[in-house]
Structure formats: structure tokens, C-alpha cells
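Please work through the following exercises with the sequence and the model at hand. Each task is followed by a worked solution.

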Amino acid sequence: MAKDIVDTAVGSPDHTTLVSAVQAAGLADTLKGAGPFTVFAPTNAAFSALPAGTVDTLLKPESKADLTAVLTYHVVAGNVDAAALTSQIEAGGGTATLKTVQGGELKARLADGGVTLTDAKGNTAKVTTADLTASNGVIHVVDKVLMP
């Protein structure tokens, strides 16, 4: 049987920061739930690219609300695999708007032979690995941390 989203991330050496953040925010139980969820999972390198001290600040107990907002901004309800996302982008005339669990929106586009996501601040992340299937959804690896 396929692992759930959290167990899949735990098994990835490129997602130790993400797993720590999910645990610090208390979101592990949610992301082990029935779902389905689509998670855009930033790599350790994506977290490392944030301004110095950002991750340490977000992991502090007093920053739990901010951390939760950042993490849930990477989650979309439903099982949106690469084919479905590509169809949404094409149907949207080149852009698909994804409503995140956090409440904000991500803009998905096709670029450079893949999918890019643009956050509320105008930062763009590229999907580097798509369609990692979990028992309760799908994970797409991204190369930047998206900010609400």
C-alpha cells in the first residue's frame, strides 16, 4: 500500500526541513488524513534559499501561526496530478488559479517544459518532480518556498 503524504516526505532526504516544519506546525495529523491533498513540497535547498534566519524564526513556537500559513499555502484540496494541472492551465488560457488550504491563491503556468507556480508576492517556483503518488493525494516537488 502507498504511504501517505507525510510518510512519503519523511522518506525523502531532500525534505527533512519540510518534515520538521510540518511537525512544528502540528500539521502531520492533518496531512495523514483522508484528503485527498495536493502538496507542493519545497526541498531543503528551497528552504535554505530563504533569507538568513527565516526558517529558524518560523520554527519557533511563537511563530506557529505564521509557519502554518506558509505550509498550508503549499497545499491544495483534491488530487491534482500533472495531467489535471496541465488541463486546468490550458483551459484557463495559459494560467490556472489554485486555491490553497491557507485561503490564498497560486497561479500555475506552463513554462520551460514544466509547470511554474507564482505566489502572492510574485515569487515563482518550478515543479522539479511531479506526481509522487501517496495514499491520500499527490506530491509535486518545487524548488522554492512559496509565500502567502
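The model is predicted: local features require pLDDT of at least 70 and side-chain atom pairs count only at pLDDT 80 or more, while totals for chains, interfaces and linings use all residues. Residues are numbered from 1 along each chain as its sequence is written, and side-chain values use heavy atoms, with hydrogens and water left out.

**Exercise 1.** Determine whether L85 is buried or exposed, and list its contacts beyond four places in sequence.

*Solution.* Begin with the location: L85 lies in helix α7, residues 82-91. Helices (H or I, at least four residues) and strands (E, at least two) are DSSP runs, numbered from the N terminus. Next, L85 counts as buried because its relative accessibility is 3%; buried means under 20% relative accessible area, exposed over 50%, partly exposed in between (1.4 Å probe, protein chains only). Finally, with neighbours within four places set aside, L85 touches F40, V80, L98, A108 and V115, contact being heavy atoms within 4.5 Å.

**Exercise 2.** Identify the buried residues of helix α6 and the elements against which they pack.

*Solution.* In α6 (residues 64-72), the buried residues are L67, V70, L71 and T72. Their packing partners are α2 (16-25), α5 (54-58) and β2 (75-77).

**Exercise 3.** Describe the hairpin of β3 and β4.

*Solution.* First, β3 (residues 96-99) pairs antiparallel with β4 (residues 105-111) over four bridges; pairing requires at least two DSSP bridges between two strands. Within this pairing, A96 has A108 as its bridge partner. Then consider the faces of β3: A96 and L98 are on the covered one, T97 and K99 on the uncovered one. Lastly, five residues separate the strands, and G103 in the turn has a positive phi of about 115°.
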